[in-house]
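I opened the model to look up a few helices, a sheet and some side chains. My entries follow in the order in which I made them.

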Amino acid sequence: TITIDAAGSGPSIDPTMYGAFFEDINQGADGGIYAELVQNRSFEFNSADNRAFTPMTAWETLRRGSDGTVAVVNDGNRLNENNRNYLQIDATAAGAGSGAGVGVRNSGWNAGQKLEAKKKYNYSVWARTSNPAGSTLAVTLETPEGARLALATIKVKGDRWAKYGVTLSPKSSTGAGRLATVVQGTGTVRLDMVSLFPEDTWNGRENGLRKDLAEKIDDLNPGFLRFPGGCIVNTGSYDSYTAPNYTRARTYQWKDTIGPVEQRPANRNFWGYNQTYGLGYMEYFQWAEDMGAVPVPVVPVGVTGCGDSNRAPDQATLDRYIQDTLDLIEFANGDAGTEWGAKRIAYGHPAPYKLDRISLGNEEYKPEFKAYFTQFYNAVRKAHPEIKIIGNTGPFSQGPEFEDLSAFNATTGVDLVDEHYYNEPSWFLNNNHRYDSYSRDSYKVFLGEYASKGNKPENALAEASYMTGLERNADVVKMASYAPLIANEANTQWSPDMLFFNGTSVRTTPNYEVQKLFMNNVGTKVVPSTQDNPASTVVPISGKIGLSTWATSARYDNVKVTGADGTALFSDDFSGTAAAWTGNGTGSWSVQDGAYVQSSTTAQNTMVTAGSGDWNNYTFSTKATKLAGS
Ligand code: AHR
């Protein structure tokens, strides 16, 4: 019997209950949702981003009926200080015919550029020529074999950098397009920022998003958009205030990612590739606004995470990062009378971005974290009491670090804390009640990253089941987002993901469908219900049960398992052997001194045993005693 208290006093569910978390992981930005079709458009790829990269990655040299040299150059003739490399073409012998000339061809991402017949593609390039009479560029869209799909010419005048553009429309479609640019005639021509965008980006935005992918995300109807990470936020060196900002592997700084795209420096992405920052903070804010989602930026707070061993910044550098955080809020919400609000307006967005919350840090847990976080927290709270502050709980929200940070968060005054976990489906089924016992008088929860490990229907069902527990606790859990959101099939660092794509199509997953279902049917209020099981509904289950261990070298004794009704199902004091128990995951288990001991040095192992019984509602509790010293 299910009793529904229709007039009851369940908690309200916020419209921001479910949202999307986008990180540039799995080649998700460049070569992903950022609609740029040219790979390595400014010749900035280098081996510091990925050992396989060179400044000519994705480019090939063309000498079509002509002669000359092509080289990537880094010298005083560069486009600007942030954009160091450019392409120099010295054409020495002219060819005949409309497509003849010396130049380069770009292979795009995945199998090539997706070009659709009759659609429009906007080509642009920064160029200069030493030829006093000017130089002509022939621009073609073509197949890998060189069959021409569209041709246009551009007249470059003068030896100063200027932006040129033309629109092309291919006569037939291909998923493996190539973009060629050659210099007709002779002379020295310099090129940079060679770019090709489909005209129909999502919502028609210039420098915008790939339509098919962005549509799928918009279909989720996200209440918020968390960005830009994830690990890309809290990794890298903090030295870009002492070294030039084009230095590689520096910590993500939002100021690098705004303004004209040709002035944004490139950086190494933590996930092993190059990031152009073409999809930067202005684009993220715009994306959130276009989806009707609340923007939730995540900024670094001076502590590297995600296994990155970079040193912490000195106090002067830390102060700059704190100021950057305040400047970000001003950039988002300030008016024309403020320095950073004026910049947003000058860049084309007069209205504020309506920022009302900010995440300070991502999965950070190092000795200096609490002191650094407190400085950020105090500065933001003082300057912007109207902004909600989101703290974090270290990596994977479980174990002693989590407990320590939870206790810390309860003392700070943060509005929400960001939890992350990736677990087996069984964990999600068994932990449906996680938030039932959270304090109602403390911070609220932002479940910023979670997923069961897999893209099978049973994973999606486990997540759906778990989401009912989130929703039941909507007075505590205020926001939740599955992670990661998208993955390029050709370059996936993390799986499972919600959506997979290649150069031409997008594949949804059962997990996506579950998210879409919940996100498009967010209630306004929880209707309390209780269930009374008559004896006939007791479900007998048998199989394996497990105890997750979070510390290394854990020791367990007196494990007891009881049904929801309190009936003892079995217990084990490990006085004999542990034959029924096995380790699951890395490391090994053995009985020592009457306790079950994990010898692994890796956290997050699981001990499992066969068990069976009549467990009401599949609910059981485990009680384990950790022995002293572990
Ligand atoms: O979502 C993938 C990664 O998982 C994120 O970058 C990080 O925050 C977490 O460890």
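Entry: asparagine 409. I found asparagine 409 in helix α6 (residues 399–412); helices here are DSSP runs of H or I of at least four residues, strands are runs of E of at least two, and both are numbered from the N terminus. Asparagine 409 counts as buried because its relative accessibility is 2% (buried means under 20% relative accessible area, exposed over 50%, partly exposed in between, with a 1.4 Å probe and protein chains only). I listed what asparagine 409 touches, not counting residues up to four places away in sequence: Asn392, Thr393, Val414, Val417 and Tyr443 (contact means heavy atoms within 4.5 Å). A polar atom of the side chain of asparagine 409 lies 3.1 Å from the backbone oxygen of asparagine 392. I also checked isoleucine 390, which is 19 residues from asparagine 409 in sequence and 9.7 Å from it in space, C-alpha to C-alpha.

Entry: basis. I noted that the model is predicted, that local features need pLDDT of at least 70 and side-chain atom pairs pLDDT 80 or more, while totals for chains, interfaces and linings use all residues. Residues are numbered from 1 along each chain as its sequence is written, and side-chain values use heavy atoms, with hydrogens and water left out.

Entry: the sheet. I traced an open sheet of 8 strands with parallel pairing, in the order β2-β14-β17-β18-β19-β20-β21-β22 (two strands pair if DSSP finds at least two bridges between them). β2 and β22 (477–482) stand at the edges with a single partner strand each, so one side of each has no neighbour in the sheet. From isoleucine 390 I moved to its bridge partner in β20, which is leucine 416. Strand β19 (residues 388–392) and strand β20 (residues 416–423) pair in the parallel sense over 3 bridges.

Entry: β17. How many residues of β17 are buried? I counted 6 of the 6, so β17 is largely enclosed by the rest of the structure. Val294, Val296 and Val298 are buried on one side, and Pro295, Pro297 and Val299 on the other, which leaves both faces covered. β17 pairs with β14 in the parallel sense over 4 bridges, and the bridge partner of phenylalanine 227 in β17 is proline 297. With strand β18 (residues 357–360), β17 forms a parallel pairing over 2 bridges. There, valine 299 stands opposite leucine 360.

Entry: α2. I saw that α2 lies across β14 (224–227) and β17 (294–299), and that it runs at about 160 degrees to β14 (axes are lines fitted to C-alpha atoms, for helices over the stretch in contact, and angles run from 0 to 180 degrees between N-to-C directions). α2 is mostly covered, with 10 of its 11 residues buried. Among them are Glu283, Gln286 and Asp290. The buried residues of α2 pack against α1, β14, β17 and α3. Glycine 292 follows α2 and has a positive phi, near 70 degrees.

Entry: α1. Which residues of helix α1 (residues 211–219) are buried? I noted Leu213, Ala214 and Ile217. They are on the same side of α1, because they cover an arc of only 95 degrees around the axis (the arc is that of the directions from the helix axis to the C-beta atoms). The buried residues of α1 pack against β2 (20–21), α2 (281–291), β23 (486–488), β24 (499–501) and β25 (506–508). Asparagine 221 follows α1, with a positive phi near 60 degrees.

Entry: α3 and α5. I recorded an angle of about 35 degrees between helix α3 (residues 315–333) and helix α5 (residues 369–383), which pack with their axes 10 Å apart.

Entry: arginine 190. I found arginine 190 in strand β13 (residues 187–198). Buried or exposed? Arginine 190 counts as buried, at 11% relative accessibility. Its side chain makes a polar contact of 3.1 Å with the side chain of tyrosine 86 (a pair of N or O atoms within 3.5 Å; within protein, one must be able to donate a hydrogen and the other to accept it, and residues adjacent in sequence count only if both atoms are side-chain atoms). Leaving aside neighbours within four places in sequence, the contacts of arginine 190 include Trp126, Asp159 and Trp161.
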